[in-house]
Amino acid sequence: MQNPLTRLLRRLLALSGIFLSFSCADLSKSSGLAPAPPPQDPRPLAEPLPDPPPEPEPPPSYATLAAAGDNLIHKEIYQSVLRDTVYHFAPLYAGIRPYIEAADIAFINQETPLAGESFGYSGYPRFNSPQELGAALADAGFDVINHANNHSMDMGEAGVLATRAYWDALPNIACLGIHQSSLARQEGQVIIEKNHITIGFLAYTYGTNGIPLPRDKPYLISLTNTAIMSQEIDALRKRCDFLVVSMHWGNEYQSSPDPAQERLAAFLAERQVDLVIGHHPHVLQGISLIPRPGGKTMLCFYSLGNCISAQTQDPTLLGGLAYVKIKKLPPREGGGVSIEDYGVIPIVTHYERNYTGFQAYPLHEYPAGLAARHGRKLRGGGFSKAYCEALAAQILGDRLIRHNPFLPGSAD
Ligand SMILES: [Zn+2]
């Protein structure tokens, strides 16, 4: 028999069992054994997300090139810098050094051999300059040195090889135009990379002042020979973005190019050369843009005159430092290479009485007081700063530069 209280307790227990079984079922669901339905997005139709912003286009690359003309080291020059058996050439280039240093690449035509002391030092007509000159050029910031010129054979084959060996021993210097062997000439073509732009260099001279090359060594000096030039230019053209050819050519003391220079320039443009650096006349000649097949143009500095010399005629005291700014587009814009800007900073060779105090000055920085003391003027010449300015303006026109274009942020 169950009393009413016992029955009530049993019913309560039974009900609690049912409740507990439901609770367990609910617990099993909420523990994640089965995936929950995705929550409903309260928005009716979401707008599509915008595309991520494109990566910024990399900017173009730029490289600047400086080029100086004939570095013509007469006996008067090296004698003037001799102190206690050491030749101190650095002051010669102190005035142009801020330009050379700031350029990405700086070229000079080293007109005289640096064969070493054992050959004996000499001036005109068969030159050999102290090797301390080379160290001063490198220290000033020059890094491409041309020896394809009419004085390269002044000390004979041995002098050529000694000069080449001297430069090869200096770090970060490229020597043009004189070669140890046929293979070295072929495999040693100069390519310099700056800011992702590859710049190739070749150099040629019209001759070697009648001193013949050894019969079995025609490779020794890069002579102007269009068949060989075509091969060498075509080979290097494929390997670089921008191709520079140094040309020792033209007539001395003529302020405009002769027909032979113009024919050679047309030949170089035909072969897709980008830039010609001309020298040898010892005076400034003009600048030309020459059309190339395919629509681009070749920039030609016909003659940059002297960088420094002990010459005495007024026009030979005015040379120029070429400025070229090269631009390369990023790969997504085709990677094309072009000349962004160019011009010439006129340079004066200063020297004083009795061939002392030699120095190359940018014309716009040349103190008028110093010009009044120029050795040329003291001998009764017509030299003056105003003369130089008029001559530079006449030859260079609107490409005459009166500031340091190699410094970042420089402006006309
Ligand atoms: Zn020359």
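Analyst: Let's start with a term: a residue is buried if 20 or more other C-beta atoms lie within 10 Å of its own, exposed if 12 or fewer, and partly exposed in between, with the C-beta atoms placed from the backbone. Q272 has 15 other C-beta atoms within 10 Å, so Q272 is partly exposed.

Before going on, know what you're looking at. This is a predicted model, where local features need a pLDDT of at least 70, side-chain atom pairs count only at pLDDT 80 or more, and totals for chains, interfaces and linings use all residues. Residues are numbered from 1 along each chain as its sequence is written. As for pLDDT, that's the predictor's confidence in each residue, from 0 to 100. The chain averages 90, and 88% of the residues score at least 70. Over residues 12–34, though, the pLDDT is below 50, and beyond near neighbours in sequence this stretch has two contacts in the model (two residues are in contact if their C-beta atoms, placed from the backbone, lie within 7 Å). Where pLDDT is low, the predicted coordinates should not be read in detail.

Back to Q272, our way into a sheet. You'll find Q272 in the loop between α8 (259–270) and β10 (275–279). Those labels come from DSSP runs, numbered from the N terminus: helices are H or I runs of at least four residues, and strands are E runs of at least two. The phi of Q272 is near 70°, which is positive even though the residue isn't glycine.

Follow the chain into β10 and you reach an open sheet of six strands, in the order β7-β8-β9-β10-β12-β11, with mixed pairing. Strands pair if DSSP finds at least two bridges between them. The edges belong to β7 (190–194) and β11; each has a single partner strand, so one side of each is left without a neighbour in the sheet. From one strand to the next, the twist averages 20°.

There's a helix here too: α7 (residues 226–237) packs on the sheet, touching β8 (197–205) and β9 (242–248), and its direction makes about 170° with that of β8. For such angles, axes are lines fitted to C-alpha atoms, for helices over the stretch in contact, and the angles run from 0 to 180 degrees between N-to-C directions.

Strand β11 (residues 287–291) runs antiparallel to β12 (residues 297–301), and five bridges join them. You can check who faces whom: S288 stands opposite C300, while L289 stands opposite L299. The two strands form a hairpin with five residues between them, where G294 takes a positive phi near 100°.

How does this part sit in the whole chain? The chain has 11 helices and 16 strands, and buried residues make up 40% of its 412 residues. Of the chain's contacts with a separation of 6 or more, 72% link residues 24 or more positions apart. The largest nonpolar core has 103 residues, and A66, F107, V276, L321 and A322 touch the most other members. A nonpolar core here is a set of buried Ala, Val, Leu, Ile, Met, Phe, Trp, Tyr and Cys residues joined through C-beta atoms within 7 Å.
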